[in-house]
Amino acid sequence: MGTCISDGTATDVPRILFAWPGLPDYAARCIRACVDDLDADVFVVATKPNVPVKGMEDSLGQPISWLDPNVINVTLSSIGIPLPDILFVGGSFFPAFKCLADEVKRSGSKVVLMSDDNWRGTLRQMIFDPIRYRASLRYRYDSIFVPGESGKLLAKRTGYSDSCIQLGLYGADSTIFSSIVSITERAKRFIYVGQFVKRKNVIALVDAFSSFYENHPDWELWLCGSGPLAGRLIDVPGVRCFDFVQPKELAKMIHNSRCLVLPSHEEHWGVVVHEAALSGCALLLSTAVGSAVDLARKENSITFKPKSKKAIEDALIEFSSWDDQQCTAAQNKSIGLAKKFGPEVFSYSVSSIIRSYCPKQC
């Protein structure tokens, strides 16, 4: 695919730059694996996440160049970062990130789009996105980095060839999210993690659980997140509502629950699904969840149509009827599937991209 630049100013190892909007803790940990494992100089530019995650630079292991995403005419020199051989960029619709991507592309270096969009079979995806790609995006990005198979399918339908698609973009850290307690020894608890917003369908989940709870009062539902719908989720029998918690505390909550429920109308991939799978949880997922194709099988999951409250309730009832053998099989299947993602896989995928573009330096 080409060779990397080398200006002779420092080392001959590749320079890679990640430009990540709303940098989450799991992404910092994934990039940390690149810092630790790869023979490359790694730089990170990011915008602040919407939630106040503590210790982000400790997770990454090096400083982060924080940027206002709406700054116009930002340049690499203005933020003190040398020209990279490869830029990994997400959220390039933000003016600041678009400027960086255009500057790197003009220099002759490579630009890799990081995208978590998944295939949903919409009219836009079938007709308009391929036109948009061929008209402009293929000149801006050399390849695309996606989380899993649904993202790969969308990328192919949009116009990327197999050789220009890399999987492994997302993944939780198994040193934080792990299966410590047998699923059969955990409380009879469903857990939801995410924003309290309309597209997450959390109100329908609470309504469905309320109906389920009438005949299953030994079960509970924990909701963990924040958002404008929070006020409608309190004082519901069997339901406990928590504000945003830090990753290590969230990990304790998940690995003491039996089942993650994610009823979203729209969910690009859903890293929380990987967190729950690593933790040995069963999965109740709407068919809109992008990571279902990667992490959900009949042994460890139940899927349902997101627009039906009854479908959600039926899924809750079905899972509550699983015996110990089924639950243990679900735990084992979730853990096995979860091994396909995470910081180590992310680092390997980045290494594969570097080898494609910088064969003489790897």
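Visitor: What share of the contacts in the protein chain between residues at least 6 apart in sequence join residues at least 24 apart?
Guide: The share is 71%, where a contact means heavy atoms within 4.5 Å. This is a predicted model, so local features need pLDDT of at least 70 and side-chain atom pairs count only at pLDDT 80 or more, while totals for chains, interfaces and linings use all residues. Residues are numbered from 1 along each chain as its sequence is written, and side-chain values use heavy atoms, with hydrogens and water left out.

Visitor: What makes the protein chain as compact as a globular protein of its length?
Guide: The chain has twelve helices and 13 strands; helices (H or I, at least four residues) and strands (E, at least two) are DSSP runs numbered from the N terminus. Its radius of gyration is 21 Å, close to the 21 Å that the globule rule gives for 362 residues, so the chain is as compact as a globular protein of that length. The radius is taken over C-alpha atoms, and the rule is 2.2 Å times the number of residues to the power 0.38.

Visitor: Why is Phe97 called buried?
Guide: Buried means under 20% relative accessible area, exposed over 50%, and partly exposed in between (1.4 Å probe, protein chains only). Phe97 has 0% relative accessibility, so Phe97 counts as buried. Phe97 lies in helix H3 (residues 95–107), and the residues it touches include Trp20, Val45, Leu67 and Val89.

Visitor: What makes a pocket a pocket?
Guide: On a 1 Å grid over the protein atoms alone, a pocket is an open set of points with protein on both sides within 12 Å along at least five of seven lines; lining residues have an atom within 4 Å of a point. The second largest pocket is lined by 17 residues. H1 gives the most, with six residues.

Visitor: How do the lining residues of the second largest pocket divide?
Guide: Four are nonpolar, three polar and ten charged. Ala, Val, Leu, Ile, Met, Phe, Trp, Tyr, Cys and Pro count as nonpolar, Asp, Glu, Lys and Arg as charged, and the others, Gly among them, as polar. Asp25 and Arg29, among those nearest the centre, therefore count as charged.

Key: On a 1 Å grid over the protein atoms alone, a cavity is a set of points where a 1.4 Å probe fits but cannot get out, and a pocket is an open set with protein on both sides within 12 Å along at least five of seven lines; lining residues have an atom within 4 Å of a point. Lists of a residue's contacts leave out its neighbours within four places in sequence.
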